[in-house]
Amino acid sequence: MVHPGSPEAEAAREQAEYRKVLGAELDGFLAEQQLVLQDVSMESLPLLDAVSSLAQGGKRLRALLNYWGWRGAGGAELGAPAVRSGVALELFQSAALIHDDIIDRSDTRRGGPSVHRRFSATHSQAAWHLDGTHFGSSAAILAGDLCLSLSEEMFSAVGAQTAHGTGARRIFNRMRTEVMAGQYLDILEEVVGPTHEPERAVVRARNILRYKSAKYTTEHPLTLGGALAGASAELLDWYSRFALPLGEAFQLRDDVLGVFGDPEQTGKPAGDDLREGKRTVLVAYALTFGGPSARDAMAEGLGRADLDDDGVASLRGLIQESGALAATETLIEGHTQAAFDALEQLPVDDVTRAALSALAHAAVNRSA
């Protein structure tokens, strides 16, 4: 039970206020962009609608970590730099999701159609000419590009703290470059195939996990907020010690849910990651631990869009029997422990620590 006036209660109160201010800033910014697109053509508005629809949802984990990084380094409550940088992070996340769904050929996102599928459906409903699937992907690429552009515009609006050469600018720029590199490594791993150097599959998968998602989910947002508030190098180092293992635990949990999660809670079909052929740490462990027959079965089933429920169940069984699921859960536990050990030593106030603790628990103990 959370007692009024406790650090936990104060953190919850302040976080709720930040969410409101963040939402208002995002809405106002997108309303300005709507006027810009209207000047171009009313027919261009669906691009912004796609961005707006996606950016309105989600857990806001990156923006919240950014905020508490700011507050833990002495930034003012509900400070404008933390609000605007939070919006920039949410827009970058939306861009990454739009492009990721195109790459993965995902039909759904957060319980609804993915952006490229929405555009394809519009093409079909209007009975337009040429290839509707190609139109959907092309329009979604542009929506994602627009999202990236808007993210940069909002980050620049923070002001002098995000100018060239500042600590915050270096973190933001590095985050974006690492995500693109990590995404490329991910698609490269899929095309070289599951039989490519299976003895190094786990090493490659963990590297992809770190740079494609873990660092930009937790470490970069937290250190970005700290840098905006003028955090010392020592505090930023402590932020990384806490946030990086947390991000890896978060993504590993996401990978487990992508194979074993409940579709009603995840918003995606059961075993969708297997149909998409994702080379996650979970899959890498299965390829490493499984015998030749199991490895062949994994290689045959992974990435098959027509993989039926029985096929998904069979691959799940191979993953469990190989010990891959248990190994991944052990890895999650180790990363989680490392994050909470670092959290205890973070040189921050009690309210910030309480907020970070709640976010960390929500990140690793989830079913969606």
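The questions and answers below walk through helices, cores and loops of a predicted model.

Residues are numbered from 1 along each chain as its sequence is written, and side-chain values use heavy atoms, with hydrogens and water left out. Because the model is predicted, local features need pLDDT of at least 70 and side-chain atom pairs count only at pLDDT 80 or more, while totals for chains, interfaces and linings use all residues.

Trainee: How many of the residues of H3 are buried?
Mentor: Start with the terms. Helices are DSSP runs of H or I with at least four residues, numbered from the N terminus. Buried means under 20% relative accessible area, exposed over 50%, and partly exposed in between, with a 1.4 Å probe and protein chains only. H3 is largely enclosed by the rest of the structure, because its buried count is 12 of 12.

Trainee: What span from first C-alpha to last does H3 reach?
Mentor: The expected span is 1.5 Å times one less than the number of residues. H3 has 12 residues, and 16 Å is expected. Its reach is close to that, at 16 Å.

Trainee: Which helices do the buried residues of H3 pack against?
Mentor: Contact means heavy atoms within 4.5 Å. The buried residues of H3 include Trp68, Trp70 and Arg71. Their packing partners are helix H1 (7-40), H4, H8, H9 and H16.

Trainee: At what angle do H3 and H8 pack?
Mentor: Axes are lines fitted to C-alpha atoms, for helices over the stretch in contact, and angles run from 0 to 180 degrees between N-to-C directions. The axes of H3 (residues 61-72) and H8 lie 6 Å apart. Leu65 and Trp68 of H3 are among the contact residues, as are Tyr216 and Leu222 of H8. The angle is about 35 degrees.

Trainee: Which residues in the largest nonpolar core touch the most other members?
Mentor: A nonpolar core is a set of buried Ala, Val, Leu, Ile, Met, Phe, Trp, Tyr and Cys residues joined through side-chain atoms within 4.5 Å. The largest one holds 94 residues. Its largest share, 11 residues, comes from H9. The residues asked for are Leu91, Phe242, Leu274, Met298, Ile319, Leu346 and Leu356.

Trainee: Is Leu282 buried or exposed?
Mentor: Leu282 sits in helix H12. Residues it touches beyond four places in sequence include Val259, Ile319 and Leu325. Its relative accessibility is 1%, so Leu282 counts as buried.

Trainee: How many Å apart in space are Leu282 and Glu329, C-alpha to C-alpha?
Mentor: In sequence, 47 residues separate Leu282 and Glu329. In space, C-alpha to C-alpha, the separation is 9.2 Å.

Trainee: Which helices are included in what covers the buried residues of H15?
Mentor: H15 (residues 324-345) has 22 residues. Its buried residues include Ala324, Leu325, His335 and Phe340. Among the helices covering them are H8 (201-228), H9 (233-260), H12 (281-289), H14 (309-322) and H16 (350-364).

Trainee: Is Leu78 buried or partly exposed?
Mentor: Leu78 lies in the loop between H3 and H4. Its phi is near 55 degrees, a positive value in a residue other than glycine. Its relative accessible area is 27%, so Leu78 is partly exposed.

Trainee: Is Leu130 buried or exposed?
Mentor: Leu130 is in the loop between helix H5 (115-126) and helix H6 (132-156). Its phi is near 65 degrees, positive in a residue other than glycine. At 83% relative accessibility, Leu130 counts as exposed.

Conventions: Helices (H or I, at least four residues) and strands (E, at least two) are DSSP runs, numbered from the N terminus.
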